[in-house]
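Please take me through this model stop by stop, saying what to select in the viewer and what is found at each selection.

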Amino acid sequence: MAPKKNSAKRPQPSTPKPSAPARIVKVQSSDGHILQADVRALLLSSTLAATIKGYDDENKPLEKLEVNNVVGFTLKLVLEWCEKHKEDDPAIAQAEKDKKNIFIPSWDRHFLTKLPMGNLFDLITAAYHLDITGLINYGCKTVANSAKGKSTEEMRELFGIPEPWEQPSTSTATWDD
Amino acid sequence: MDMPHIVMTKIMGNVGFLAILNLRKTCKTFRNFIDDVKPINDLKELRITLGHFYVKVEVFLDKNGYDADRCSFVSSYQQAPDDNSWLIFKLYNDGVEFVKKMDGGEFIDAFFHDFELILKNQKWLT
């Protein structure tokens, strides 16, 4: 069978490198939950990578990272995603950063579509604060896909938007334009 | 919806032309955001045919925008037989879908109203 037309353009995941012993650190959420994560997974976040580098440069022991703008439940999801992608080539996320047609791998599609829309928004916002390019890309694409082909009413339901007459200071007379 | 501006722009850039028009009608927040940011969409081409009692608009979208099989559709704005109303239809290869009937006004005004919205939310090609 002939290969798909666009498969050549898509960056392929790199083969796993011989892994060094995992370096585990504690990560504390804004609501005090403490989780554990492999440093390689945390390096997917540019924000956390800078913090970790700061500790390493000063030779200070890294015991606990505090993430003050993400709650425990969302942080657990972020860490689960990062753990899955810790072996990925960083060039994949960079290559897809500004691409319009983003391909979502099957694991990510399943991981993101099973989340309720509210949790997915929290996850994308957390990914934005932590600067995790791949998670932002896949999350935004998942939200966009779920909105495609839906009517205005269905979109209101999907995003939890009140009906026009329930929204403050809006006039339904001009709502249809 | 408390989403960062960059994230919202990224989502809007992926939803496609038709979904953006529908999202615009859900609430003021989305409407203002879309009118302000003018997200990149997948509208490629419009062909407009003006007849005596109708305007036919052929809309061509990027192939990933709407769905894999249908990347274009035709809308028709027509004067209704009773002359006091106008009708909008969507025409497909295999049939016609009635969209809307409105009393009063002219079909040409309805078309220009929609056309203005479409043009207003475009960006220059770079």
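Select D131(A). D131(A) is partly exposed because 15 other C-beta atoms lie within 10 Å; a residue counts as buried if 20 or more other C-beta atoms lie within 10 Å of its own, as exposed if 12 or fewer, and as partly exposed in between, with C-beta atoms placed from the backbone. D131(A) sits in the loop between α6 and α7 of chain A. Helices (H or I, at least four residues) and strands (E, at least two) are DSSP runs, numbered from the N terminus. The phi of D131(A) is near 55 degrees, which is a positive value in a residue other than glycine.

This is a predicted model, in which local features need pLDDT of at least 70 and side-chain atom pairs count only at pLDDT 80 or more, while totals for chains, interfaces and linings use all residues. Residues are numbered from 1 along each chain as its sequence is written, and chains are lettered from A and ligands numbered from 1 in the order in which they are written.

F121(A) counts as buried because 21 other C-beta atoms lie within 10 Å.

Next, select A127(A). Leaving out residues up to four places away in sequence, A127(A) touches V78(A), I132(A), L135(A), I136(A) and G139(A); contact requires C-beta atoms, placed from the backbone, within 7 Å of each other.

Now widen the view to the largest nonpolar core. A nonpolar core is a set of buried Ala, Val, Leu, Ile, Met, Phe, Trp, Tyr and Cys residues joined through C-beta atoms within 7 Å. The largest one has 43 residues, of which V78(A), C82(A), A127(A) and L23(B) touch the most other members. Colour the elements that give two or more residues to this core: in chain A they are α1 (39-42), α3 (72-85), α6 (117-130) and α7 (133-147), and in chain B α1 (5-15), α2 (17-23) and α3 (28-37). Which element gives the most to this core? With seven residues, it is α6(A).

A second, separate core has six residues, among them V55(B), Y77(B), F107(B) and F111(B).

For the record annotation, select residues 24-86 of chain A. UniProt, in an unreviewed entry, places the feature "domain: SKP1 component POZ" there; positions are given in the numbering used here, feature names are shortened, and annotations may be inferred rather than shown by experiment. Over residues 24-86 the chain is 48% helix and 21% strand, and the end C-alpha atoms are 13 Å apart.

Show both chains for the interface. In it, 22 residues of chain B are in contact with 25 residues of chain A. On the side of chain B that touches chain A, α1, α2 and α4 (107-120) of chain B give two or more residues each, and α1(B) gives the most, with seven. By class, this side of chain B has eleven nonpolar, seven polar and four charged residues. Ala, Val, Leu, Ile, Met, Phe, Trp, Tyr, Cys and Pro count as nonpolar, Asp, Glu, Lys and Arg as charged, and the others, Gly among them, as polar.

Stay on α1(B). Its buried residues are M8(B), K10(B), I11(B), M12(B), N14(B) and V15(B). Their cover includes α7 of chain A as well as α2 and α3 of chain B. Just after α1(B), G16(B) takes a positive phi of about 100 degrees.

Colour chain B by domain: domain 1 (1-41) and domain 2 (42-126), with bounds from an automatic or database domain assignment. Their C-alpha centres lie 21 Å apart. Eight residues of domain 1 of chain B are in contact with eight residues of domain 2 of chain B.

Select K38(B), in the loop between α3 and β1 of chain B. K38(B) is partly exposed, with 16 other C-beta atoms within 10 Å, and its phi is near 50 degrees, a positive value in a residue other than glycine.

End on strand β1 (residues 43-50) of chain B. Of its eight residues, the number buried is zero, so β1(B) lies largely in the open. β1(B) pairs with strand β2 (residues 54-61) of chain B in the antiparallel sense over seven bridges; pairing requires that DSSP finds at least two bridges between two strands. The two strands β1(B) and β2(B) form a hairpin with three residues between them, and L50(B) stands opposite V55(B) in β2(B).

Definitions and conventions: Two residues are in contact if their C-beta atoms, placed from the backbone, lie within 7 Å.
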